[in-house]
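Work through the exercises below with the sequence and the model at hand. Each task is followed by a stepwise solution.

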Amino acid sequence: MTLKPVQLLATALLAARRAGEHVMANLARRDEALRLDRLDVKHALDFEAQAAAFAVIESAWPGDAILGEETADVPLADTPVRWVVDPIDGTVNFFHGLPWWCCCVAAQVNNKTVAGAVYAPEMGLCFEASTETPALCNGRPLRVSKTAETRLASIHTGSGKSYPGENPLRFLECVVEMAQRPRIMGAAALDICSVAAGKADAYFEPGIYLWDIAAAGIVLERAGGKLEILKDHGAWRVAALATNGALHAACRDALLPLL
Ligand code: LIP
C-alpha cells in the first residue's frame with residue numbers, strides 16, 4: 001500500500017492537536033517544572049503532551065518509529081516512515097506565561113519530511129502542509145515575503161542551548177549587523193512558520209534540534225521558502241537556516257563561515 005502524504009498529514013494534525021489540547025486543559029499547572037536550569041526548563045507537560053501525540057500515531061500507524069524530544073536517546077526502529085515530535089516547542093516561553101509555544105508533529109519518509117503540523121493553541125494558530133497539499137494557517141494559504149535585501153529584513157534567531165565553549169553571540173552579532181531588525185522569540189517552529197507566512201524574512205539558529213524544525217520546515221517549503229541544514233552537530237542537533245528564498249544566499253554567505 002503506497003503511503004499518501006495527505007494521510008500522514010491527517011495523523012500529524014490530530015497528534016499535534018491532542019498534545020496541544022492536553023496542555024491547554026492543564027494551564028493551571030504551568031509552573032510545574034521538573035527541572036529548571038540556566039539554559040532550559042523541563043516541564044511535566046512536555047512528557048504528558050508527548051504521550052498524547054504518541055498515542056495517536058501508534059494507534060494510526062502501529063510499529064512506525066517515533067523520534068520525540070523527551071525520548072530522543074531511545075534507539076529508533078528503522079521503519080519506512082519516521083515520525084518527529086516536539087510536544088512543546090518554546091517550553092521556556094510556556095513556563096514563563098508567554099503564549100508563543102506550539103506542538104509539532106512531522107512525518108518523514110527516507111529522512112525527508114512529507115507532512116507536518118504546527119499547532120499553537122494559545123495563539124489560535126494551526127499550520128500544516130504536505131508534499132501533496134499547500135501550506136496553510138487555519139485553512140488560509142501561506143506565501144513567503146518578497147524581501148530581497150537583508151538590510152530590510154526581519155530575521156528571527158535564538159541563543160539556543162549553547163554548550164560549554166560555544167559562544168552564540170557571534171551569530172547574534174552577525175544577524176544584528178545584516179538585518180533591519182533581529183528578533184528572538186523563543187520557539188523555532190513558530191519562527192519558521194512566521195517566515196512561511198511572510199511575517200518574518202529569515203530564521204537562523206546555530207544549535208537547534210530536528211524536532212524543533214521538521215514540521216515547520218515543510219510548511220515553509222510549500223509556502224515558497226527554503227530550509228537548509230548548514231551543519232549537523234550529531235545527536236539530532238543542527239545549525240539551521242530558513243528563509244523566504246530570495247535572502248538565502250546572502251544569509252548563508254554571512255553565517256556559514258561562523259560555523
Ligand atoms: C527551543 C527552540 C528555541 C531555542 C531554544 C529551544 P524547546 O526549543 O524552539 O528556538 O532557542 O533553545 O531549543 O526546547 O522549547 O523545544
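**Exercise 1.** Among contacts in the protein chain between residues at least 6 apart in sequence, what percentage join residues at least 24 apart?

*Solution.* Start with the basis: this is a predicted model, in which local features need pLDDT of at least 70 and side-chain atom pairs count only at pLDDT 80 or more, while totals for chains, interfaces and linings use all residues. Residues are numbered from 1 along each chain as its sequence is written, and side-chain values use heavy atoms, with hydrogens and water left out. Contact means heavy atoms within 4.5 Å. Of the contacts between residues at least 6 apart in the protein chain, 63% link residues at least 24 apart.

**Exercise 2.** Which radius of gyration does the protein chain have, and why does it agree with a compact globule?

*Solution.* The radius is taken over C-alpha atoms, and the globule rule is 2.2 Å times the number of residues to the power 0.38. For 259 residues a compact globule would have a value near 18 Å; the protein chain has 17 Å, so the two agree. Next, the box along the principal axes: the C-alpha atoms fill roughly 50 × 40 × 35 Å. Finally, 54% of the 259 residues are buried (under 20% relative accessible area, with a 1.4 Å probe and protein chains only).

**Exercise 3.** Where does His-248 lie, and which residues does His-248 touch, not counting those up to four places away in sequence?

*Solution.* First, the element: His-248 belongs to helix 7, residues 248–255 (helices are DSSP runs of H or I, at least four residues, and strands are runs of E, at least two, numbered from the N terminus). Second, cover: the relative accessible area of His-248 is 4%, so this residue is buried. Third, the partners: His-248 touches Lys-226, Glu-228, Leu-241 and Thr-243, residues up to four places away being left out. With Glu-228 there is a side-chain polar contact of 2.8 Å (a pair of N or O atoms within 3.5 Å; within protein, one must be able to donate a hydrogen and the other to accept it, and residues adjacent in sequence count only if both atoms are side-chain atoms).

**Exercise 4.** Is Asp-86 buried or exposed, and which backbone nitrogen does its side chain reach?

*Solution.* Asp-86 is found in strand 4, residues 81–89. Its relative accessible area is 0%, so Asp-86 is buried. The side chain of Asp-86 reaches the backbone nitrogen of Ile-88 at 3.4 Å. Beyond neighbours within four places in sequence, Asp-86 has contacts that include Glu-69, Cys-103 and Trp-211.

Definitions and conventions
Buried < 20%, exposed > 50% of the residue type's maximum accessible area, 1.4 Å probe, protein only.
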